[in-house]
Amino acid sequence: MAKISKKRKEALAKFDKTKVYALSEAVEMVKNITYTKFDASFDIDVRLGVDPRKANQMVRGIVTLPHGTGKVTRVLVLCTPDKEDEAKAAGADHVGLDDYVEKIKKGWTDVDVIITMPSVMPKIGALGKVLGPRGLMPNPKAGTVTMDIGKAVAEVKAGKIDFKVDKYGIIHSGIGKVNFAPDKLMDNVKEMMGTIIKLKPTAAKGTYVKSIYLSSTMSPGVQVDVKSVS
């Protein structure tokens, strides 16, 4: 068995898996129990009292985090020539159309977000088998199929994320980096939760937000008192 480091032992001694922490405490705890050598992601898991199998209880939304995600988001814009300058000026990493469509058909997906225009979607639809499994298919609900290309690119670069509840009723998302200041992480958590609460389906009965856990890339989850987030 690998030897547990002194710092790791100290962190585990401070961490009580059975305790529900106030938001400020939970943020500090995640920072304290993270010992990765790389800049770990700061994640949130929210269990909702919904049945995602029912269309009227699906929870999906978009949120622009006040302090971004800390991640460099690589954006590909698939657009007509008249929109290329707008996309480049907004900070898109890759801009084009037919040449990138061919690259994607051959398996290239070295981007994080793809933004396109409604008129171009027929060409993108054929790429579903490649883009779908990777979560890269543009979607009007996520704001990635739009005529306002410049705004869409700028928002993604600033920290806009698309999230949805999974089949188990859980929303999981990265909402920052562990090296963010605690107040910035708290702001991001509150913005995320505020958006989720606004999206409560009218068909959802009983307790809507059942639990909230915060964690880093390789840390245990720390449970947050739901009341401390509002």
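This is a predicted model: local features need pLDDT of at least 70, side-chain atom pairs count only at pLDDT 80 or more; totals for chains, interfaces and linings use all residues.
Residues are numbered from 1 along each chain as its sequence is written, and side-chain values rest on heavy atoms, with hydrogens and water left out.

The secondary structure of the protein chain comprises eight helices and nine strands, both taken as DSSP runs numbered from the N terminus (helices, H or I, of at least four residues; strands, E, of at least two). Along the principal axes, the C-alpha atoms of the chain fill a box of roughly 60 × 45 × 35 Å. Of the 230 residues in the protein chain, 44% are buried, where buried denotes under 20% relative accessible area, exposed over 50% and partly exposed the range in between (1.4 Å probe, protein chains only). Among contacts between residues at least 6 apart in sequence, 73% join residues at least 24 apart, a contact being defined by heavy atoms within 4.5 Å.

Three strands form an open sheet in the order β4-β3-β5, with parallel pairing; two strands are taken to pair if DSSP finds at least two bridges between them. The edge strands of this sheet are β4 (94-96) and β5 (113-116), each of which pairs on one side only, and the twist averages 15° from one strand to the next. Between β3 and β5 the parallel pairing extends over four bridges, and Leu76 stands opposite Ile114 in β5. Helix α4 (residues 98-105) packs on the sheet, where it touches β3, β4 and β5, and its direction makes about 115° with that of β4. Helix α7 (residues 149-158) also packs on the sheet, touching β3 and β5, with a direction at about 165° to that of β5. For these angles, axes are lines fitted to C-alpha atoms, for helices over the stretch in contact, and the values run from 0 to 180 degrees between N-to-C directions.

The loop between β2 (60-64) and β3 (75-78) contains Thr73, which is buried, with a relative accessible area of 14%. When residues up to four places away in sequence are not counted, Thr73 touches Asp93, Asp112, Val113, Val156 and Lys157.

Antiparallel pairing is found for strand β1 (residues 41-48), which six bridges join to strand β7 (residues 170-177) and seven bridges join to strand β8 (residues 209-216). Val46 stands opposite Ile171 in β7, whereas the bridge partner of Phe42 is Ser216 in β8.

In helix α2 (residues 23-32), the buried residues are Leu23, Ala26, Val27, Met29 and Val30. Seen down the axis of α2, these buried residues fall within an arc of 165°, so they line one face of the helix; the arc is that of the directions from the helix axis to the C-beta atoms. The axes of α2 and helix α8 (residues 182-198) come within 10 Å and cross at roughly 120°, which makes α2 oblique to α8, since angles under 35 degrees count as roughly parallel, over 145 as roughly antiparallel, 65 to 115 as roughly perpendicular and the rest as oblique. In this packing, Leu23, Ser24, Val27, Glu28 and Lys31 in α2 meet Pro182, Leu185, Met186, Val189 and Lys190 in α8.
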